[in-house]
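Hi,

Here is the structure I promised to pass on, with some notes on what turned up when I went through it. Have it open while you read, and start with the helices.

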Amino acid sequence: MITRLLVANRAEIARRIFRSAREMGIATVAVHADGDADAPFVAEADEAIALDGWSPAETYLDIGKVLAAATRTGADAVHPGYGFLSENADFARAVTEAGLIWVGPSPEAIAAMGDKLSAKELMREAGVPTLQAVELGGGVDLAAAAAAEVGFPVLVKAAAGGGGRGMRVVESEDELADAVEGARREAAAAFGDGTVFLERWLASSRHVEIQILGDLHGNLVHCFERECSIQRRHQKIIEEAPSPVVSEDLRARMGAAAVAAGQAIGYSSAGTVEFLVEQPADGSVPTDFRFLEVNTRLQVEHPVTEEITGLDLVREQLRVAQGEPLGFGQEDLAIEGHAIEARLYAEDPANDFLPQTGRVQCWQPAPGMNARFDSGIESGSDVGIEFDPMLAKVIVGAATRREAALRLARVLETTRVQGIRTNRDFLVATLRSPEYLAGDTTTDFIERVAPEPVRRPAADEVVAAGICAAMAAQHDRRQAARIHPTIVTGWRNTVMPYERAEFETGAGDALRIEYRIQRDGRFDTRAVAGDGEPSGHTVEFRRRTGDGVELVIDGRRSRSTVTSCGDRWLVHGPQGDVELRELPRFPVAGLEAVAGGLTAPMPGKVISTHVAVGDRVESGQLLLVLEAMKMEHRVTAPEPGTVSEFRVGEGEQVGNGELLVVIDEDAA
């Protein structure tokens, strides 16, 4: 029996596993990188061991350090979570050889399915339709020959991992060499194995996967399907169960294929068999599917399966690892309702979904709404460059798909996540789009539908936010003054001039709020947005409790939360967040932007440079490659010109907005 469980992972998945372990009476152990020392998952564990390092390679990917932590704490079992070492057969084997219980499938099953190419061959032998794939073991010439065999467009794909890492879509032979090199680097950094292969790329299809669950007594069931077609950078951001287009017949055939795959290798524990479902051009119900891969681990999106089946998949994993048989058969499982999960990331959807770093000033899940939050953060958490930028998963279950989608959108909208840019507005726009609500969710959804990346607050909402910030600041100043015995109250026997607060909105527009108190205690307020005319408002300040502010603006009562972060004011109202930057009363001299200068779009490490000072470059030419949060970003020349400055070198860390390269553009 498991009495002390070490989770060889971090953030939200570690917390998720701890939750089930605690409910089963199992003590928990966390391991952590130096940057995670104060993370919520570390605080929640019964015991925590530092792995002495910052990067994944130094910490969560170091088998020796993880096993040493298990020995030191007296753990008798290891759960790998997902990512990192979760699909590493050598790690599973090392855990069992150390006399510990491995919470997952056997090392042999991981090896058989972890190699995606051998898994495809096994499926072909079993009669399951697959996409053609060719391993890339040689140079550029061999890669070009393999791509020609598969046919463009092709997908360069990591053989040892998933989650969108080590994937590149290649439209032509000219793009192939850079794509293969980048995919290999990314795969090696994320999974410790840089092996990649080519696969035929189907731009418009559906990504549908089947959850399987087996025990050590030969019992194996499937827990129906999940659709995970809403993706960016080949990484899922919205998942649901069941799929809106899978018929009973298709579900039965895919489930049977998934179970057959598991039985062929004696699979135990939780796993996922992934398929591409071809969407007919006429929009009719799909009938064909093709095998993609098997993930021999728990999936990020497992909560939606739990919602529709009532299972606790982590609990089942722990029971299976202890040698217990499944307590149910296929006939005992049924789908009830619909569930949708949204992944909340620290990223900028308006800028190619680039990861963001910084401090989460406020994290407050939507109060009073029926939703599940699997998060890795809390107020004050820092998001660095070393790891994946996912902050939380938000899951809603409902009787119907439409109700689940609309409720999830409202839950996200009323959740406070402030201080760092996220994809929250993009998720809300996606969930409310007519295409999503109609179930038109093919893998090209984001490119085809293009949901709004950022919510655009209405003009009156921005004005109300400015009034809230100004009133909160005025109240806080007065409260601070009252506790000082030498400062008078501010009462005057004359008409006072307007006090003024000036802000810049998220859209870059100016907003000026002017206010003065009247004899009845209400405020005569004027607001000027941009170059517009002043609008007059009567404001009654009701109360300020904590960071909450209750105002009556022109007879309309509203409750908002208002927090300040330096010169920024974060206002969370009924429709979501409005961020304002308070402008200084006096001008501050700043640095003039360098003409032709290219700055870092995110903090990260320079992993390769491709030009030098004096080089002539063309529009779109690669200048350097940055790596952050397990992904790469290519910095390219916006216009033709000559490199006059190159301020960074390979291996250097750069900050967000740091000047990298200066290009003297050609004269017009």
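Let's begin with a helix pair: the axes of α5 (residues 107-114) and α6 (residues 116-125) come within 5 Å of each other and cross at roughly 85 degrees. Angles of 65 to 115 degrees count as roughly perpendicular, so that is the label for α5 against α6. On the α5 side the contact is made by Ala 111, Ala 112, Met 113 and Gly 114, and on the α6 side by Lys 116, Ser 118, Ala 119 and Leu 122. Sorted by class, this contact has 5 nonpolar, 2 polar and 1 charged residues. Keep in mind that this is a predicted model.

Staying with α5, which of its residues are buried? They are Pro 107, Ala 109, Ile 110, Met 113 and Gly 114. Looking down the axis of α5, these buried residues fall within an arc of 160 degrees, so they line one face of the helix. What do they pack against? The partners are α4 (89-97), β5 (101-102), α6 and β14.

β14 belongs to an open sheet of 8 strands, in the order β14-β13-β10-β11-β12-β15-β22-β20, with antiparallel pairing. The edges are β14 (289-295) and β20 (372-375), each of which pairs on one side only. Neighbouring strands here are turned by 25 degrees against each other on average, ignoring direction. Inside the sheet, the antiparallel strands β10 (residues 205-214) and β11 (residues 220-232) are joined by 6 bridges. If you want a spot to look at, Ile 210 stands opposite Glu 225 in β11. There is also a helix on this sheet: α1 (residues 11-23) lies across β20 and β22 (390-398), and runs at about 120 degrees to β20.

There is another open sheet, with 4 strands in the order β6-β9-β7-β8, and its pairing is antiparallel too. Its edge strands are β6 (133-136) and β8 (168-170), each pairing on one side only. From one strand to the next, the twist averages 25 degrees. β6 and β9 (residues 196-200) pair in the antiparallel sense over 4 bridges, and Leu 136 stands opposite Val 196 in β9. Helix α8 (residues 176-191) packs on this sheet and touches β6, β7 (154-158), β8 and β9. The direction of α8 makes about 165 degrees with that of β8.

Finally, some backbone details for you to look up.

- A cis peptide bond joins Ala 241 and Pro 242, with omega at about -5 degrees. Pro 242 is in the loop between β12 (235-241) and α9 (248-264).
- Asp 352 is not a glycine, yet its phi is positive, near 60 degrees. You'll find Asp 352 in the loop between β16 (347-348) and β17 (354-355). Is Asp 352 buried or exposed? With a relative accessible area of 54%, Asp 352 is exposed.
- Ala 450 also has a positive phi, about 50 degrees, without being a glycine. Ala 450 sits in the loop between α15 (445-449) and α16 (459-482). Exposed means over 50% relative accessible area, and Ala 450 counts as exposed because its value is 52%.

Have a look and send me your thoughts.

Cheers

Terms used
Residues numbered from 1 in each chain as written. Predicted model: local features only at pLDDT ≥ 70, side-chain atom pairs only at ≥ 80, totals over all residues. Heavy atoms only, no water. Helix = DSSP H or I, 4+ residues; strand = E, 2+ residues; numbered from the N terminus. Buried < 20%, exposed > 50% of the residue type's maximum accessible area, 1.4 Å probe, protein only. Pairing = 2+ DSSP bridges. Axes fitted to C-alpha atoms, helices over the stretch in contact; angles between N-to-C directions. Contact = heavy atoms within 4.5 Å. Parallel < 35°, antiparallel > 145°, perpendicular 65-115°, else oblique. Nonpolar A, V, L, I, M, F, W, Y, C, P; charged D, E, K, R; others polar. Arc of directions from axis to C-beta.
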